[in-house]
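Subject: Structure for your review

Dear colleague,

Please find below the structure that I am handing over to you. My notes on it follow, and I would be grateful if you read them with the model open.

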Amino acid sequence: STDAEINGTTYQIGRMTARDGSWVLMQVLTKILPVVLPNAFSSRLPEGRVSIVEDEFSAVQGICLSVCRYYHNGAPMPIFTRPNKWLAPEYEYDLTVVMGLTVKAIVFSLSDFFADGGLNGLLNSLPQAPPSPDSQP
């Protein structure tokens, strides 16, 4: 685990399991990053794919928040448990903390994959998407 600070409060960020991390990684690569960085992914993903929907985002965020803890009297305490239970209800309406923890959990759990060249290996293993019928050379 690692500690992260958001708005002056320190939180503990744990690692996702390999299976949860794999699923989150695929959601990030196929549905989140293509929206944020469309030029990097447009030639490798099929046209007409659906971006992330609310249930999928809730599942990603639930996985992320379930590995996060706040400190109470020095002891790490869970904030959230899946599928949708706030163990620290004061965070339910704190968008800044919830999104900050979500991003930090993704970065902490997936950073080794990116640092070890996993993204390049994955992208290189994907075939180029065929040109759309509308595109002309």
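**The sheet**

In this predicted model, Y11 stands opposite Y70 in β3. These residues belong to a pairing of β2 and β3, which is antiparallel and holds three bridges. On the other pairing described here, β1 and β2 also run antiparallel, and five bridges join them. Within that pairing, I6 stands opposite T9 in β2. The hairpin of β1 and β2 has two residues between the strands, and N7 takes a positive phi near 50 degrees there.

Taken together, four strands form an open sheet in the order β1-β2-β3-β4, with antiparallel pairing. β1 and β4 (75-78) are the edge strands, each pairing on one side only. From one strand to the next, the twist averages 45 degrees.

**The helix across the sheet and the core**

Which strands does α4 lie across? The helix lies across β1, β2 and β3, and it runs at about 150 degrees to β1.

The largest nonpolar core has 29 residues, and those that touch the most other members are Y11, M16, V24, I79, Y91, L101 and I106. At least two residues of this core come from each of β1 (2-6), β2 (9-13), α1 (18-36), α3 (54-66), β3 (68-72) and α4 (95-115). With seven residues, α4 gives the most to this core. As a general background, nonpolar side chains tend to be buried together in soluble globular proteins.

Neighbours within four places in sequence aside, L101 is in contact with I6, Y11, I13, L65, C68 and I79.

Leaving aside neighbours within four places in sequence, T102 is in contact with Q61, C64 and L65.

Yours sincerely,
A colleague

Conventions: Residues are numbered from 1 along each chain as its sequence is written. This is a predicted model: local features need pLDDT of at least 70, side-chain atom pairs count only at pLDDT 80 or more; totals for chains, interfaces and linings use all residues. Side-chain values use heavy atoms; hydrogens and water are left out. A nonpolar core is a set of buried Ala, Val, Leu, Ile, Met, Phe, Trp, Tyr and Cys residues joined through side-chain atoms within 4.5 Å. Buried means under 20% relative accessible area, exposed over 50%, partly exposed in between (1.4 Å probe, protein chains only). Contact means heavy atoms within 4.5 Å. Two strands pair if DSSP finds at least two bridges between them. Axes are lines fitted to C-alpha atoms, for helices over the stretch in contact, and angles run from 0 to 180 degrees between N-to-C directions.
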